[in-house]
Amino acid sequence: MTLANRKGPSILRLSLNYGIGKGIVDMDTSLTRSGFGQTARPDAWWLQPAVVFLVLSSFVVYATWAAFQGTHYTFGPYLSPFYSPELFGDSPHSLFGPKPSGWPTWLPFSPALLILGLPAGFRLTCYYYRGAYYKAFWADPPSCTVGEPRKRYRGERSLPLVLQNVHRLFLYAALVFLVFLAHDVWGAMWFADPGTGQAKFGIRLGTIVLATNVVLLSGYTLGCHTLRHLIGGFLDQFSKAPVRRRLYNCASCFNRRHMVWAWCSLVSVAFADLYVRMCSMGVWSDWRIF
Ligand code: FES
């Protein structure tokens, strides 16, 4: 089959070569290129990209605002996932102490800005999100079989989109972040006793919020297409690698609902930050379960 643009930008010539018995049948047909937004689809194809645009835009605006605040990101033993791990900062969660003394005065400082590029890069280069935001943000195409506002397919073989291939490196970072976030959940089970000041085990609503976030982020990360390939997708014979086969099946299980994990974890990570922030500001009270 060959596809050629022989009659100008709006007509595509499609040549099909069918093998029938010993002979070849050649057939030429023409496809009319649709204009932007034109389609024969009767369904509300625009709805999904519109929702993706709204939700992703809202998330980016909120996450950027929250990352620049540099305040109200802890409450008791809780640490906002946008700020974890806290490399440098003023809270007790900081790994290496306060802001470095040599930090330039003209450069805004927030512990989130030191780390947020890695999880953001992981989402930005995710195979699922790429498909979603290519449609929603620059209509490439707006949806399947819907006309797009350009005549050439550029693919991801040149700059800047060729950089999407660094997804594997972001995956390694995301796996490390999961360990820190799981550790934060453990820390979120120990509350200072008002009388003695000793840390006592307990579960509060914030503990559940942070734990749910880690579960959803794990479901998203462990279903990553790249991780699935690294675990066993590259193998020709699974029968020779039974452990890898089990792990591969496990990753495949998460991968089947990768889109659902992606959206649920996006909402949960923003809500976990909001929860800690609201409690720290005294707007919400942290409900004690036991
Ligand atoms: Fe979505 Fe890797 S493909 S996280």
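Among contacts in the protein chain between residues at least 6 apart in sequence, 62% join residues at least 24 apart (contact: C-beta atoms, placed from the backbone, within 7 Å). This is a predicted model, where local features need pLDDT of at least 70, side-chain atom pairs count only at pLDDT 80 or more, and totals for chains, interfaces and linings use all residues. Residues are numbered from 1 along each chain as its sequence is written.

**Overall make-up**
- You'll find nine helices and seven strands in the protein chain (DSSP runs numbered from the N terminus: helices are H or I, at least four residues; strands are E, at least two).
- Of its 290 residues, 24% count as buried (20 or more other C-beta atoms within 10 Å of a residue's own; exposed means 12 or fewer, partly exposed in between, with C-beta atoms placed from the backbone).

**Helix H5**
- His167, Phe170, Ala174, Leu181, Asp184 and Val185 are the buried residues here in H5.
- Looking down the axis of H5, these fall within an arc of 90°, so they line one face of the helix (the arc is taken over directions from the helix axis to the C-beta atoms).
- On the face turned away from that buried side sit the exposed Val176, Val179 and Trp186.
- The buried residues of H5 pack against strand E5 (78-79) and helices H3 (117-124), H6 (205-222) and H7 (225-233).

**Cores**
- The largest nonpolar core has 25 residues, and Tyr78, Phe82, Leu210, Leu217, Ala272 and Val276 touch the most other members (a core is a set of buried Ala, Val, Leu, Ile, Met, Phe, Trp, Tyr and Cys residues joined through C-beta atoms within 7 Å).
- H1 (47-69), E5, H5, H6 and H9 (258-280) each supply at least two residues of this core.
- Another core, of seven residues, lies apart from it and includes Ala174.

Terms used:
Two residues are in contact if their C-beta atoms, placed from the backbone, lie within 7 Å.
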